Amino acid sequence: MIKRTDTWDTRSIISRWAHILERTGLALTGASCGLFVAAHVGRANIDLIGSGATVLAMMIYGGVGFYLGIDLPPAPPDHRMHLPLRHGLGTKADAVELLSAAGTFLAAVAAVISVSSIVLDEAAHAITALLISFGWAIGASMQIASGIIARTRTEVSTTS
C-alpha cells in the first residue's frame, strides 16, 4: 500500500478511485470476518447470535474496524525517532500503529479459527465460541480506536 502525503484535493481522479476501492475492500474484508465469527458463534447455539440483526451488527462493526484501523493516515513529520532511542520504545504514532496491527491480527485470527471450524464441520462449543467472539470484538475495537486516535491526532496537528 502506498502511503500518500498529498491531501485529498491534490490527488488525481485515478488515485481517489483507487483509495475508495481499497477502503471499500478493507471494509468488506472486516465485514466478512464479522460474518464468519457470527456464523461460528451461531453454530454453538448461543442465544446472543440468534437474530439476523446481531449478525448484521457484527458485520458492520468488523467493516468499520477494518476501514478505520488498517489504512491509517500518515504520521506527523515530527514522529521520527532519533537513534539512540532517547524516549523509550517509540513515539505515539508508533504505538497507534501497533494498536492497529494487533487489532487486525486478533480479528483475523478469530476469523480464521471460525472459518476452519465451519469448513471442517467441527462442533462449536459455547465457551470457545464466546472466547473467539470476544477476541474478535477486542481486535475490531482496537482497530477502531487506533483509527480514531490517528485521525484525531492528524486533525489536531494540521490545525495547529
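The following conversation walks through a predicted model, one element at a time.

Biologist: How many residues does α1 have, and what span should they give at 1.5 Å a residue?
Modeller: Helix α1 runs over 13–43, and it is followed by N45, whose phi is positive, near 55°. The end C-alpha atoms of α1 are 45 Å apart, which agrees with the span that its 31 residues should have at 1.5 Å a residue, namely 45 Å.

Biologist: Which residues of α2 are buried?
Modeller: Helix α2 covers 52–69, and its 18 residues reach 25 Å from the first C-alpha to the last, close to the 26 Å expected at 1.5 Å a residue. The buried residues in α2 are V55, M58, G62, G63, G65, F66, L68 and G69.

Biologist: Which residues touch the most other members of the largest nonpolar core?
Modeller: In soluble globular proteins, nonpolar side chains tend to be buried together. Here the largest nonpolar core has 18 residues, and the elements that give two or more residues to this core are α1, α2, α3 and α4. The members that touch the most others are V37, V41, I49, M58 and W136.

Biologist: Which residues does V41 touch, leaving aside those up to four places away in sequence?
Modeller: V41 is among the buried residues of α1, and it is also one of the core residues that touch the most other members. Not counting residues up to four places away in sequence, V41 touches I46, I49, A129 and S133.

Biologist: What kind of aromatic pair do Y61 and W136 form?
Modeller: The structure holds one aromatic pair. The ring centres of Y61 and W136 are 6.2 Å apart and their planes stand at 65°, which is over the 60 degrees needed, so the pair is edge-to-face. This pair links distant parts of the chain, with Y61 in helix α2 and W136 in helix α4, 75 residues apart. The kind of pair is therefore edge-to-face.

Biologist: How far does R23 lie from the ring centre of Y67?
Modeller: R23 lies in helix α1, and because its relative accessibility is 7% it counts as buried. A polar atom of the R23 side chain lies 2.6 Å from the backbone oxygen of Y67. R23 also lies over the face of Y67, and its distance from the ring centre is 3.9 Å.

Biologist: How far apart in space are T29 and G63, C-alpha to C-alpha?
Modeller: T29 is found in helix α1 and is partly exposed, with a relative accessible area of 37%, whereas G63 is among the buried residues of α2. The two residues are 34 residues apart in sequence, while their C-alpha atoms are separated in space by 6.9 Å.

Technical notes. Residues numbered from 1 in each chain as written. Predicted model: local features only at pLDDT ≥ 70, side-chain atom pairs only at ≥ 80, totals over all residues. Heavy atoms only, no water. Core = buried A, V, L, I, M, F, W, Y, C linked by side-chain atoms within 4.5 Å. Buried < 20%, exposed > 50% of the residue type's maximum accessible area, 1.4 Å probe, protein only. Helix = DSSP H or I, 4+ residues; strand = E, 2+ residues; numbered from the N terminus. Contact = heavy atoms within 4.5 Å. Phe/Tyr/Trp six-rings, centres within 6.5 Å; stacked < 30°, edge-to-face > 60°. Lys NZ or Arg CZ within 6 Å of the ring centre and 35° of its normal. Polar contact = N/O pair within 3.5 Å; in protein donor to acceptor, adjacent residues only side chain to side chain. Expected span 1.5 Å × (residues − 1).
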